[in-house]
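I opened my notebook to look through this structure one item at a time. Here is what I looked up, in the order I went.

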Amino acid sequence: HGVKELPQEIKQLPNLQALVLNNNALGTLPTWIGEMSKLQGIQALNAQLTSLPAELGKLANLKNLDLGLNRLTALPTELGELKALKNLQLQGNALT
């Protein structure tokens, strides 16, 4: 609890398929997350996210994106590029 930024060392895991970031104080995800091409799932419940990087749209294999219980007020239009996405959870945000 309380991680404020994702360590860059995670980039050194090119085959990582799932990333669980629940209950942290991230604020946002790093732009380099778009380089994690094998990611199929990101779970960031209650991670205090206030914004998302456009680079999320580069994750062609992403199937599950759970961003519930954050502080998001908008989503990047690039999320529309996630053709493999099957499950998007956004409950508990302040989206308008």
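**A buried asparagine**

I began with Asn24, which is buried, at a relative accessible area of 11%. The model is a predicted one, so I kept in mind that side-chain atom pairs count only at pLDDT 80 or more. The label follows because buried means under 20% relative accessible area, and Asn24 has 11%.

Next I asked myself where Asn24 lies. I found Asn24 in the loop between β1 and β2.

Then I checked what the side chain of Asn24 reaches. One of its polar atoms lies 2.9 Å from the backbone nitrogen of Val3. The side chain of Asn24 also reaches the backbone oxygen of Leu21, at 3.0 Å.

I turned to the backbone angles, with a reminder to myself: most residues other than glycine have a negative phi.

Asn23 is not a glycine, yet its phi is positive, at about 60°. I placed Asn23 in the loop between β1 (18-20) and β2 (41-43). Is Asn23 buried, exposed or partly exposed? Its relative accessible area is 35%, so I noted Asn23 as partly exposed.

Asn46 was my other entry here: its phi is positive too, near 50°, and it is a residue other than glycine. Asn46 lies in the loop between β2 and β3 (64-66). I wrote down Asn46 as partly exposed because its relative accessibility is 35%.

**The sheet**

In what order do the 4 strands of the open sheet come? I read the order as β1-β2-β3-β4, with parallel pairing. The edge strands are β1 and β4 (87-89), each of which pairs on one side only. From one strand to the next, the twist averages 5°.

I then looked at how β2 and β3 are joined. These strands run parallel, and 3 bridges join them. For Ile42, I found the bridge partner in β3 to be Leu65.

**The core**

Ile42 came up again when I looked at the largest nonpolar core, which has 23 residues. Ile42 is among those with the most contacts inside this core, and so are Ile33, Leu39, Leu49, Leu52, Leu56 and Leu59.

Which residues is Leu52 in contact with, leaving aside its neighbours within four places in sequence? I listed Thr28 and Leu29, then Leu67, Leu72, Leu75, Pro76 and Leu79.

Conventions:
Residues are numbered from 1 along each chain as its sequence is written. This is a predicted model: local features need pLDDT of at least 70, side-chain atom pairs count only at pLDDT 80 or more; totals for chains, interfaces and linings use all residues. Side-chain values use heavy atoms; hydrogens and water are left out. Helices (H or I, at least four residues) and strands (E, at least two) are DSSP runs, numbered from the N terminus. Buried means under 20% relative accessible area, exposed over 50%, partly exposed in between (1.4 Å probe, protein chains only). Two strands pair if DSSP finds at least two bridges between them. Axes are lines fitted to C-alpha atoms, for helices over the stretch in contact, and angles run from 0 to 180 degrees between N-to-C directions. A nonpolar core is a set of buried Ala, Val, Leu, Ile, Met, Phe, Trp, Tyr and Cys residues joined through side-chain atoms within 4.5 Å. Contact means heavy atoms within 4.5 Å. A polar contact is a pair of N or O atoms within 3.5 Å; within protein, one must be able to donate a hydrogen and the other to accept it, and residues adjacent in sequence count only if both atoms are side-chain atoms.
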